[in-house]
Amino acid sequence: GYFVSKSLPETLSELEGIISQIGPGMVSLTNIQPPTVYITMNRDFGSDEVASNYIDALIKKNIDCKHIRLPALPLNLDFFTTRISSSLFPQVVSARMVSALRNAKLLHSNGYLTSDPRACNWRDILKPYSNDAGDTLIADKSPISEVLNVAYGMHELSRDGFEEALIFLLKIINDLG
């Protein structure tokens, strides 16, 4: 937390609040709780239920709060370019990767993953594209693995929803000031 607070721009120095992803933090037993945002993924039913219960408790305490639910993401042709890096995965490479997943029947016709990437064999399919990028494809370390987990929408940290959460907290500060 300290590092993050010291790296924020001066305009955010007065920001006070909690943004929690995946596992919601505890709700204070007192009414002293900063504004709180929970970000969960639509397929993560356990975390979503816990966050919803905390949101209900915060509302009863009249504490500003918000629950952001992140949907699964389709793998468009530029998915790996935009989600990881255009220098590691130029658009033409990203398009080949998405096509390889589609040809292996790991994508629905609308681009969504057919199953949880933690439980299917996408690594053999994308290994030819990972070597040049230096991606080991090791779970929880591989950028490809992480963005596929985000795309599936089940229990993963994501940049999605963070801007919306900050805007919510900043609006509260502006309304108070």
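**A strand, a cavity and a buried leucine**

Let's start at strand β2 (residues 36–41), which supplies the most residues to the lining of the largest cavity, namely 3. A cavity here is a set of points on a 1 Å grid over the protein atoms alone where a 1.4 Å probe fits but cannot get out, and lining residues have an atom within 4 Å of a point. Strands are DSSP runs of E with at least two residues, helices runs of H or I with at least four, numbered from the N terminus. The model is predicted, so local features need pLDDT of at least 70 and side-chain atom pairs 80 or more, while totals for chains, interfaces and linings use all residues. Residues are numbered from 1 along each chain as its sequence is written, and side-chain values use heavy atoms, leaving out hydrogens and water.

Among the residues lining the largest cavity are Ile-39, Thr-40 and Met-41.

β2 itself is largely enclosed by the rest of the structure, because 6 of its 6 residues are buried (under 20% relative accessible area with a 1.4 Å probe, protein chains only). In a regular strand, side chains alternate between the two faces of the sheet. Here Thr-36, Tyr-38 and Thr-40 point one way, and Val-37, Ile-39 and Met-41 the other.

What about its neighbours? Strand β1 (residues 18–21) runs parallel to β2, joined by 4 bridges, and pairing requires at least two bridges in DSSP. On β3 (residues 65–70), the pairing with β2 is parallel over 6 bridges, with Arg-69 as the bridge partner of Thr-40.

Elsewhere, Leu-126 sits in helix α5 (residues 123–130) and counts as buried because its relative accessibility is 0%.

Key:
1 Å grid on protein atoms, 1.4 Å probe; cavity = no way out; pocket = protein on both sides within 12 Å on 5 of 7 lines; lining within 4 Å. Buried < 20%, exposed > 50% of the residue type's maximum accessible area, 1.4 Å probe, protein only.
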